[in-house]
Amino acid sequence: MRILLVEDDPTVRAFVLKGLREAGHVVDEADNGKDGLFLAVSENYDVVILDRMLPGGIDGLRILETLRGQKNATPVLLLSALADVDERVAGLKAGGDDYMTKPFAFSELLARVEALGRRGRPESAPQTRLVVGDLEMDLLSRTVKRGGEKIDLQPREFRLLEFLIRHAGQVVTRTMLLERVWDYHFDPQTNVIDVHVSRLRQKVDKSFDKPMIHTIRNAGYILRAD
């Protein structure tokens, strides 16, 4: 993660900086409120670690309030020697996501920072459309087109093609197909795969100049656009 550390105590700052970098994170640092505010609003960070009391006329709460006023939702962990409940409440009400009092164990700080980083990461939208060359599959409408022409598939053929598309450019073995498309965890010793692949070829390749589904002798099948 990319982290901003704003802490005026040189001992604490060096201690946290060293630990975060050893854990594999990229860390920018500031030792006063003015520089911390500049970095916080001008750069993109996964997490900001912010000391509550800072020199330079701008304290941690001011930085936090400025960020939230700009609709910046970067997770912020407040550090403070102020341990009473009112101070913690003030920090959280200002938009802080977590609050730790000094002294603290670095292992706990790291765990909290990484948890905030996971929380701040947007969840990727589920994939609903698969495309290889001129072959398109819409997973929501359960439709398939090649070169703009609709291809009607049976449910099993659809699952088979979906698996091939998701592994486009890779050799797919009979065992993989049996397990993932037919839900078999044994070889039924039938030609069920060959039959379905043959039917799929008739629908996907027959009307087009370039075949996409290829047999790899003694290995399996591969779907590719070239």
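How far apart do the end C-alpha atoms of residues 2-117 lie, and how much of the span is helix and strand? The end C-alpha atoms lie 9 Å apart, and the span is 47% helix and 21% strand. Helices (H or I, at least four residues) and strands (E, at least two) are DSSP runs, numbered from the N terminus.

This is a predicted model: local features need pLDDT of at least 70, side-chain atom pairs count only at pLDDT 80 or more, and totals for chains, interfaces and linings use all residues. Residues are numbered from 1 along each chain as its sequence is written, and side-chain values use heavy atoms, without hydrogens or water.

UniProt, in an unreviewed entry, places "domain: Response regulatory" at residues 2-117. Such annotations may be inferred rather than shown by experiment. The domain assignment gives domain 1 (2-117) and domain 2 (129-223); its bounds come from an automatic or database source. Taken over C-alpha atoms, the two domain centres are 51 Å apart.

Now the rings. The whole structure holds 1 aromatic pair (Phe, Tyr or Trp rings, the six-membered one for Trp, with centres within 6.5 Å; planes under 30 degrees apart are stacked, over 60 edge-to-face, the rest tilted). Phe 15 and Phe 106 form it edge-to-face, at 5.9 Å centre to centre and 75° between the planes. Phe 15 lies in helix α1 (residues 10-22) and Phe 106 in helix α5 (residues 106-120), so the pair ties together parts 91 residues apart in sequence.

Phe 15 is partly exposed, at 43% relative accessible area. Phe 106 is buried, at 16%. Buried means under 20%, exposed over 50%, partly exposed in between (1.4 Å probe, protein chains only).
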